[in-house]
Amino acid sequence: MARTLFEKIWSEHVVLERNGMTLMHVDRHIMHDLSSPPAYDILKESGRGARNPELALATIDHMIATQPGRTADSYGPSAAFVREHRAGTRAAGIRLLDLDSPAQGIVHVVAPETGAVLPGATLVCSDSHTCTDGALGALAFGRAPSEAAHILATQCLWVRKPRTLGIEVRGTLGAHITAKDLALHIIGALGAAVGNGHAVEYFGE
């Protein structure tokens with residue numbers, strides 16, 4: 001029986017199913033400075049470390065200024081977040097794209113740029129734009145900040161399996177019409193909430 005890409009990736013990552021929830025293996029855990037620091041404290045307090053630090057990638061992007069020459073102190077409230085993120089990744093052995101790294105940038109952009117996103121992989125991050133990495137054939141979705149420590153300690157995450165939704169696009173795009181225009185048209189036609197609770201796959205011409 002034919003299966004969607006979502007079904008194929010999902011079935012390959014199921015560890016356990018219980019009470020309507022699925023424990024899934026996480027292939028890539030992408031982390032940023034705003035939501036990750038509490039996870040390091042939880043690990044330390046529980047006496048646990050990161051199970052697979054090589055499967056995590058961290059960057060600094062949510063709490064820092066964007067102008068050239070900026071530092072952790074350029075925006076006062078950011079300093080504590082940045083320093084805790086640096087210390088936490090160092091203690092856990094997680095690769096950090098720090099402010100002086102040529103690869104540092106927006107979390108859901110650096111993930112594909114650095115090769116952390118792979119077709120057929122599961123990827124999670126505490127950022128609502130994480131699903132955009134699904135364009136590369138990964139099952140990418142957001143996680144709650146409170147789930148970061150569990151992922152670091154176990155490399156797994158409890159999730160509820162979403163329903164599937166296929167959107168077929170026919171015809172060809174006119175001159176100067178881009179994928180963004182197409183996405184906005186789909187949202188306009190179906191509504192912004194049409195994908196809630198679903199894994200969406202696009203197909204067609």
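Modeller: The second largest pocket has a volume of about 210 Å³, where a volume is the space filled by probe spheres set on grid points joined across faces, edges and corners. A pocket here is an open set of points on a 1 Å grid over the protein atoms alone, where a 1.4 Å probe fits, with protein on both sides within 12 Å along at least five of seven lines, and lining residues have an atom within 4 Å of a point. Please keep in mind that this is a predicted model, in which local features need pLDDT of at least 70 and side-chain atom pairs count only at pLDDT 80 or more, while totals for chains, interfaces and linings use all residues. Residues are numbered from 1 along each chain as its sequence is written, and side-chain values use heavy atoms, with hydrogens and water left out.

Biologist: Which residues lie nearest the centre of that second largest pocket?

Modeller: Of its 13 lining residues, Y40, D41, K44, G88 and A91 lie nearest the centre. Helices α2 (37-46) and α3 (78-92) each supply at least two residues of that lining; helices (H or I, at least four residues) and strands (E, at least two) are DSSP runs, numbered from the N terminus.

Biologist: And what volume does the largest pocket have?

Modeller: The largest pocket comes to about 1,400 Å³, and it is lined by 43 residues, with C131, T132, A199, V200 and Y202 nearest its centre. α6 gives the most to this lining, with 6 residues.

Biologist: Switching topic, how many salt bridges are there?

Modeller: The count comes to 4, taking a salt bridge as a side-chain nitrogen of Lys or Arg within 4 Å of a carboxyl oxygen of Asp or Glu. One of them joins the side chains of D73 and R83 at 3.0 Å, N to O. D73 lies in the loop between β4 (56-59) and α3, and R83 in helix α3, so this pair ties together parts that are 10 residues apart in sequence.

Biologist: What about R86, which residue does its side chain meet in a salt bridge?

Modeller: R86 meets D98, at 2.9 Å from N to O. R86 lies in helix α3 and D98 in the loop between β5 (95-97) and α4 (107-113), so parts that are 12 residues apart in sequence are tied together.

Biologist: Is D98 buried or exposed?

Modeller: D98 counts as buried at 16% relative accessibility, since buried means under 20% relative accessible area, exposed over 50% and partly exposed in between (1.4 Å probe, protein chains only). R86, at 23%, is partly exposed.
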